[in-house]
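Have a look at the model first.

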Amino acid sequence: MDFDGDGTADILSGSWPGELYFFKGQGKAKFAKAEMLKDRDGKVMKLGSATTVFACDWRGSGKLDLLVGDINGHVWLVPNEGTRTKPAYGKAVKLQAGGKDIKVNHGDSHPVMADWEGTGKPGLVVGCGDGSVQWYNNAGTRNEPKLAAPRTLVAAPPATNWNSDQPVKDPGRGSRAKVWVGDWNGDGRLDLLLGDFGMSFGEKPKMTPADKALQKQTQKKLSELQKELRPFFDEYSRAAQKKPNETDAQKADREKKMKELLAKYKSKLDEQSKLYTTQRKFERPYRYHGHVWLFLRQPADRTKTAVR
């Protein structure tokens, strides 16, 4: 999308820590170094972790506001109080539907503005952590959206793939739905593209009595070691957290602290790594997947079977 209004496509991205990033387009599929988005006061915007971001004219003002999803399943509106080419982002507010804060199933919300019903009043399509996709109709006006209770566009997939002891070669649809809304096949109706996270599993390994004893012993040692390493993980997490408007000196101090912590706990971390290697011998082999599914819109507002 053209975020800064210069006629060249740009990229916006959320992140696991929560900051929002802008990659300025330079043409010919090249992009500048990432910049963290800041509010009108110059502070780095961070509304939670595992953020997603979608820029759109939510209030019909001709300016691009931001819709932000987070790991807790909320959807935030960050209003642009500046101009189209010189945005100034105000205080973020949680969007509501049916009078309640939006909080989608299993978190990991991914909001996208769309005029799904063709009324000229765009509402909200949201991908959810459980793999479903929800539609929130705009029962208000173009300039003052008011979202109704959600309607399911795509149901969550069954969770049997995660729990079965049998080999699973085709994981089917997964979780953490990420959505795109557009006319994929040019028939004049909006369709859905859905990205997901899934896993496939091999056969459960056959274990001898000695294997079972070693597995039990390994798990016990891991539990004990993780308690001992808890201070390390707490301190390292704090040290790894980048501060807003961080200076080069502050960055150097953080990195020095991280190196010192790694050196201090090296022997225990090495021991933990060896125990994990032993533990994995007794686990079912698995592989991560990220599929893209196509849902074609039907005239009666149904979707066809997904095609990967």
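Q: Why is Lys28 called exposed?
A: Lys28 has a relative accessible area of 83%. Exposed means over 50%, buried means under 20%, and partly exposed lies in between, with a 1.4 Å probe and protein chains only. Lys28 is therefore exposed.

A quick word on the basis: this is a predicted model, where local features need pLDDT of at least 70, side-chain atom pairs count only at pLDDT 80 or more, and totals for chains, interfaces and linings use all residues. Residues are numbered from 1 along each chain as its sequence is written, and side-chain values use heavy atoms, leaving out hydrogens and water.

Q: What makes the phi of Lys28 worth a look?
A: Phi of Lys28 is near 55°, a positive value in a residue other than glycine. Most residues other than glycine have a negative phi. Lys28 sits in the loop between β3 (25-27) and β4 (30-31); strands are DSSP runs (E, at least two residues), numbered from the N terminus.

Q: How do you know that β8 and β9 pair?
A: Two strands pair if DSSP finds at least two bridges between them. Strand β8 (residues 75-78) and β9 have 2 bridges, in the antiparallel sense, and Trp76 has Lys94 in β9 as its bridge partner.

Q: Why are β6 and β9 called edge strands?
A: The open sheet has the order β6-β7-β8-β9. β6 (52-56) and β9 (93-94) each have a single partner strand, so one side of each is left without a neighbour in the sheet.

Terms used: Helices (H or I, at least four residues) and strands (E, at least two) are DSSP runs, numbered from the N terminus.
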